[in-house]
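Here is a short walk through how one protein fold is put together, written for someone who likes to have the geometry at hand. Have the viewer open and follow along.

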Amino acid sequence: MLKSIEILAVGGAHIDRRGQVSGAYVPAASNPGMMREDVGGGVFNALRSTVRRGVSGSLMSMRGGDAAADSISRAIAQAGITDLSAVFLDRTTPSYTALIDREGELIVGFADMALYDLAFPKQMRRSKVREAIAAADAVLCDANLPSAALERLVSLAAGKPVFAIAISPAKVTRLIPVLGELAQLFMNRREALALAGAHANVTERDLVDGLRCSGLTSGVVTAGGAPVLGFDAAGVFSILPPPPRRVADVTGAGDALAGATIAALLRGLPLRAALREGVAAATLAIESADAVADFTAASFAEALALVPDAREVA
């Protein structure tokens with residue numbers, strides 16, 4: 001029997017609260033809507049998508065000693081992921097609150113994640129981390145880790161592919177010291193602009209040039225319903241996402257894309273083919289009320305058939 005591919009994810013697994021406005025959003029006013037709460041986080045959302053595509057996953061995150069921590073522990077177990085997280089009984093579990101408009105687009109996000117900044121640098125020096133990395137075939141991280149923790153993690157993973165998720169324009173710069181050693185960085189356009197130091201109207205080619213100048217050799221840039229931009233040593237390309245049948249919530253779509261793309265890359269697919277699978281997973285996530293859709297092999301194949309081939313960017 002062939003050994004399954006093992007990936008270790010290190011980063012965010014926390015409470016996600018999403019409030020959706022039911023009518024037209026009015027700034028600086030009371031807006032009627034609905035609030036829901038579930039377990040999310042960059043690497044957790046992505047890892048769920050990776051595991052659903054046949055890769056074995058373990059997760060190392062940080063949480064407090066409260067009821068929210070229990071919810072996170074149950075969600076990790078239900079996803080079939082091995083939980084290697086540290087628990088700090090005297091701390092509050094991190095959370096992320098997003099307010100979205102009736103079309104599902106983000107209005108504002110609020111991150112309460114002090115525990116990540118406090119605990120990740122210390123955890124990266126523990127033998128448990130070295131053992132987990134040694135047992136994995138690849139590592140996935142996100143910019144919820146401070147730069148010092150990211151540098152230590154990438155150093156320990158030397159010789160293994162390290163994938164990263166940008167998280168936000170404010171946090172993506174934490175990855176600058178390790179960009180040259182990443183196998184792939186997943187980001188949205190705002191995060192890419194912040195990393196490249198580029199203006200909003202920059203062309204796709206110039207944006208990629210800016211990212212390469214920062215040290216990144218391969219990356220994926222999402223932009224809502226606009227074409228997904230990818231680049232690696234073979235060149236620059238884009239894939240136009242098919243229109244979803246319905247939009248339930250765009251939150252987590254980028255993470256789902258990252259997770260499915262990583263799973264395909266670990267199976268040996270080139271980035272152009274792997275990213276098509278990522279776009280399919282993102283489409284299913286957008287159509288679902290969950291941050292990562294609970295797709296079947298059949299529904300995934302159906303979604304993948306609607307994703308066009310990559311087109312080269314001149």
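The report below goes from the overall chain to its sheets and then to its helix pairs.

## The chain as a whole

Please keep in mind that this is a predicted model. The protein chain contains 10 helices and 16 strands. Its C-alpha trace spans about 50 × 50 × 45 Å along the principal axes. A compact globule of 314 residues would have a radius of gyration near 20 Å, and the 18 Å of the protein chain agrees with that.

Let us begin with the open sheet of 10 strands, which has mixed pairing and the order 6-4-1-10-11-12-13-14-15-16. Strand 6 (82-83) and strand 16 (311-312) are at its edges; each has a single partner strand, so one side of each is left without a neighbour in the sheet. Helix 7 (residues 204-213) packs on this sheet and touches strand 12 (184-188), strand 13 (219-222), strand 14 (228-232) and strand 15 (235-239). The direction of helix 7 makes about 45 degrees with that of strand 14.

Within the sheet, strand 1 (residues 6-10) pairs with strand 10 (residues 138-142) in the parallel sense, over four bridges. To find this pairing in the viewer, look for Ile7, whose bridge partner in strand 10 is Ala138.

How do strand 8 and strand 9 run relative to each other, parallel or antiparallel? Strand 8 (residues 95-100) and strand 9 run antiparallel and are joined by six bridges. In this pairing, Tyr96 stands opposite Ala111 of strand 9. The two strands form a hairpin with five residues between them, and Gly104 in the turn has a positive phi of about 90 degrees.

| Helix pair | Crossing angle | Axis separation |
|---|---|---|
| Helix 1 and helix 8 | about 45 degrees | 7 Å apart |
| Helix 4 and helix 5 | about 45 degrees | 10 Å apart |
| Helix 8 and helix 9 | roughly 145 degrees | within 7 Å |

Helix 8 passes helix 9 in a right-handed crossing. On the helix 8 side, the residues that meet helix 9 include Ala253, Leu257, Ala260 and Leu265; on the helix 9 side, Leu271, Leu275, Glu277 and Ile286 are among them. The residues of the contact of helix 8 with helix 9 divide into 14 nonpolar, two polar and one charged.

The remaining pair in the table is helix 4 (residues 127-135) with helix 5 (residues 147-156). Helix 4 and helix 5 are oblique to each other, and helix 4 passes helix 5 in a right-handed crossing. Which residues make the contact between helix 4 and helix 5? Val129, Arg130 and Ile133 of helix 4 meet Arg152, Leu153 and Leu156 of helix 5. By class, that contact has four nonpolar, no polar and two charged residues.

Note on methods:
Residues numbered from 1 in each chain as written. Predicted model: local features only at pLDDT ≥ 70, side-chain atom pairs only at ≥ 80, totals over all residues. Heavy atoms only, no water. Axes fitted to C-alpha atoms, helices over the stretch in contact; angles between N-to-C directions. Parallel < 35°, antiparallel > 145°, perpendicular 65-115°, else oblique. Left-handed = near helix turned anticlockwise from the far one by under 90°. Contact = heavy atoms within 4.5 Å. Nonpolar A, V, L, I, M, F, W, Y, C, P; charged D, E, K, R; others polar. Pairing = 2+ DSSP bridges. Rg over C-alpha atoms; globule rule 2.2 N^0.38 Å.
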